[in-house]
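These notebook entries record what I looked up in one model of a protein with DNA. I began with the conventions and the overall fold, and then went to the contacts and the backbone.

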Amino acid sequence: MNYWLMKSEPTTYSIDDLKHDKKTSWEGVRNYQARNFMRDQMKVGDLVLFYHSNAEPPGVVGIAKVCKLAHPDRAAWDPQSKYFDEKASPKNPIWMMVDIEFVEKFSHFVSLEELKKTKGLESMMVLQKGSRLSVQPVSQEHFEKVTKLGKN
DNA sequence: GCCAACGTTGGC
DNA sequence: GCCAACGTTGGC
């Protein structure tokens with residue numbers, strides 16, 4: 001079983017949206033590295049730290065779970081979609097997404113600042129300078145540490 | 001709103 | 001295949 005961190009801007013899609021929807025397709029990833037993680041490594045049951053980026057303040061707000069393996073992101077060939085990519089088509093989807101379901105919203109919001117201050121999390125990818133990847137792997141140890149903070 | 005860091009594009 | 005120009009991300 002693998003652990004992940006996925007970023008979303010709360011003005012676009014927040015943990016409360018996921019809680020309301022119960023589950024969602026993670027559409028709109030347009031970065032090859034992030035796509036490859038979803039396509040090649042995510043398994044049903046993998047747990048995800050749900051991260052609010054471009055937020056005030058940014059941080060981890062809860063947990064989601066992968067509930068469907070990667071499948072084509074149809075928004076890529078929908079000209080009406082803001083995620084439209086003219087190179088994508090049903091025959092050549094290019095972009096993939098997994099589905100995730102709501103697990104929990106933390107009782108304690110774990111801000112980026114708190115992550116930075118917590119001993120043992122220094123090597124988390126999200127804390128590295130210039131790290132912009134919106135889908136990233138997290139070690140089990142880091143996942144458990146962050147989850148513990150969130151349940152405080 | 002600024003801007004550093006990073007990814008992508010396209011001319012050569 | 002290099003790399004400058006451009007676009008995007010995301011913290012501040």
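**Entry 1: DNA strand C**

I first listed the residues near DNA strand C, where near means that a heavy atom of the residue lies within 4 Å of the strand. K7, Y51, S53, N54, P58, L112, K116 and R132 surround DNA strand C. Sugar and phosphate supply 65% of the atoms of DNA strand C that come within 4 Å of the protein.

I then noted the conventions. The model is predicted, so to speak of a local feature requires pLDDT of at least 70 and a side-chain atom pair counts only at pLDDT 80 or more, while totals for chains, interfaces and linings use all residues. Residues are numbered from 1 along each chain as its sequence is written, chains are lettered from A and ligands numbered from 1 in the order in which they are written, and side-chain values use heavy atoms, with hydrogens and water left out.

Next I looked up polar contacts, that is, pairs of N or O atoms within 3.5 Å; within protein, one atom must be able to donate a hydrogen and the other to accept it, and residues adjacent in sequence count only if both atoms are side-chain atoms. Y51 places a polar side-chain atom 2.7 Å from a phosphate oxygen of DNA strand C. R132 uses a polar backbone atom, which lies 2.6 Å from a phosphate oxygen of DNA strand C.

I sorted the residues by class: Ala, Val, Leu, Ile, Met, Phe, Trp, Tyr, Cys and Pro count as nonpolar, Asp, Glu, Lys and Arg as charged, and the others, Gly among them, as polar. The surface near DNA strand C has 3 nonpolar, 2 polar and 3 charged residues.

**Entry 2: DNA strand B**

Which residues are found around DNA strand B? I found Y32, K87, K129, G130 and R132. By class, they comprise 1 nonpolar, 1 polar and 3 charged residues. Of the atoms of DNA strand B within 4 Å of the protein, sugar or phosphate holds 68%, and bases hold the rest.

The side chain of K129 has an N or O atom 2.9 Å from a phosphate oxygen of DNA strand B, and for K87 the corresponding distance is 3.5 Å. R132 reaches a base: an N or O atom of its side chain is 2.6 Å from a base oxygen of DNA strand B.

**Entry 3: The fold of chain A**

I counted 4 helices and 6 strands in chain A, taken as DSSP runs numbered from the N terminus (helices H or I, at least four residues; strands E, at least two). Their order from the N terminus is β-α-β-α-β-β-β-α-β-α. The radius of gyration, taken over C-alpha atoms, is compared with a globule rule of 2.2 Å times the number of residues to the power 0.38. Chain A has a radius of gyration of 15 Å, close to the 15 Å that the rule gives for 152 residues, so chain A is as compact as a globular protein of that length.

Along the principal axes, the C-alpha atoms fill a box of roughly 45 × 30 × 30 Å. Of the 152 residues, 47% are buried; buried means under 20% relative accessible area, exposed over 50%, and partly exposed in between (1.4 Å probe, protein chains only).

**Entry 4: Helix α4**

In α4 (residues 140-150), I found H142, F143, V146, T147, L149 and G150 buried. These residues lie on the same side of α4 because they cover an arc of only 155° around the axis, the arc being that of the directions from the helix axis to the C-beta atoms. They pack against β1, β3, β4, β5, α3 and β6, with contact meaning heavy atoms within 4.5 Å.

**Entry 5: H52**

H52 is in strand β3 and counts as buried at 10% relative accessibility. Its side chain reaches the backbone nitrogen of I15 at 3.1 Å.

**Entry 6: Backbone geometry**

Which residues does a cis peptide bond join? I found E56 and P57, with omega about 0°; P57 lies in the loop between β3 and β4.

K22 has a positive phi, near 75°, and is not a glycine. K22 sits in the loop between α1 and β2 and is exposed, at 59% relative accessible area.
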